[in-house]
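Please consult the sequence and the structure shown here while reading.

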Amino acid sequence: VAYVEGWRVIAKAQEIFGFDGWSSRILQLQREYEDHDSKNGRWTYSYSATVRISLRNGTFHDEVGSGCKVDKDRGKAIENARKEAVTDAMKR
């Protein structure tokens with residue numbers, strides 16, 4: 001399967017289940033890796049996320065996703081790795 005953007009997955013879920021017919025919840029968000037390369041000033045962060053997708057009828061599915069980002073700005077590397085992990089879990 002080719003890469004699918006997170007907003008497309010959310011839009012498709014809205015189309016299929018309706019705006020209030022489904023929900024997502026982060027069950028766990030965990031840092032897996034952290035590194036700072038002092039030569040180039042870049043931070044590397046990797047996170048894993050467990051996300052639950054629930055339907056209005058009570059059916060649910062839990063899935064794990066991962067995200068890894070490298071940036072000179074430590075905060076951006078952390079933020080983007082976390083967001084990528086959650087989005088990746090939602091798309092599975």
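Not counting residues up to four places away in sequence, Thr44 touches Tyr33, Glu34, Asp35, Cys68, Lys69 and Val70. Thr44 is found in strand β2. The model is a predicted one, and in it the relative accessible area of Thr44 is 17%. Thr44 counts as buried because this value is under the cut-off of 20%.

Ser46 is likewise a residue of strand β2. Its contacts, with neighbours within four places in sequence left aside, are Gln30, Arg31, Glu32, Tyr33, Gly67 and Cys68. With a relative accessible area of 16%, Ser46 is buried.

## Overall architecture

The protein contains two helices and three strands, which follow one another along the sequence in the pattern α-β-β-β-α. The radius of gyration is 15 Å, well over the 12 Å that the globule rule gives for 92 residues, so the protein is more spread out than a compact globule. Along the principal axes, the C-alpha trace spans about 50 × 25 × 25 Å.

Of the 92 residues, 25% count as buried. Among contacts with a separation of 6 or more, 53% are made by residues 24 or more positions apart.

## The antiparallel sheet

The three strands form an open sheet with the order β1-β2-β3 and antiparallel pairing. Strands β1 (22-37) and β3 (60-71) are the edge strands, each pairing on one side only. On average, neighbouring strands of this sheet are turned by 15 degrees against each other, direction ignored. In general, strands of a sheet pair through backbone hydrogen bonds, either parallel or antiparallel.

The antiparallel pairing of β1 and β2 extends over 14 bridges, and Trp22 stands opposite Leu55 in β2. These two strands form a hairpin with four residues between them, and Gly41 in the turn has a positive phi of about 70 degrees. Strand β2 (residues 42-55) also pairs with β3 in the antiparallel sense, over 12 bridges. In β3, Phe60 is the bridge partner of Ser54. The hairpin of β2 and β3 has four residues between the strands, and there Gly58 takes a positive phi near 100 degrees.

## Helix packing and the nonpolar core

Which strands does helix α2 touch where it packs on the sheet? Helix α2 (residues 74-90) touches β1, β2 and β3, and its direction makes about 150 degrees with that of β3.

The largest nonpolar core has 13 residues. Those with the most contacts inside this core are Tyr45, Tyr47, Ala49, Val51, Val86 and Met90. The elements giving two or more residues to the core are β2 and α2, and the largest share, six residues, comes from α2. In soluble globular proteins, nonpolar side chains tend to be buried together.

With neighbours within four places in sequence left aside, Ala49 is in contact with Gln28, Leu29, Glu63, Val64, Gly65, Ala85, Val86 and Ala89.

Asp62 is found in strand β3.

In β3, Asp62 is the bridge partner of Arg52. The side chains of these two residues also make a polar contact, at 2.7 Å. Apart from neighbours within four places in sequence, Asp62 is in contact with Leu27, Val51 and Arg52. Asp62 and Ala89 are separated by 27 residues in sequence and by 8.4 Å in space, C-alpha to C-alpha.

Methods. Residues are numbered from 1 along each chain as its sequence is written. This is a predicted model: local features need pLDDT of at least 70, side-chain atom pairs count only at pLDDT 80 or more; totals for chains, interfaces and linings use all residues. Side-chain values use heavy atoms; hydrogens and water are left out. Two strands pair if DSSP finds at least two bridges between them. Axes are lines fitted to C-alpha atoms, for helices over the stretch in contact, and angles run from 0 to 180 degrees between N-to-C directions. Contact means heavy atoms within 4.5 Å. A nonpolar core is a set of buried Ala, Val, Leu, Ile, Met, Phe, Trp, Tyr and Cys residues joined through side-chain atoms within 4.5 Å. Buried means under 20% relative accessible area, exposed over 50%, partly exposed in between (1.4 Å probe, protein chains only). A polar contact is a pair of N or O atoms within 3.5 Å; within protein, one must be able to donate a hydrogen and the other to accept it, and residues adjacent in sequence count only if both atoms are side-chain atoms. The radius of gyration is taken over C-alpha atoms; the globule rule is 2.2 Å times the number of residues to the power 0.38.
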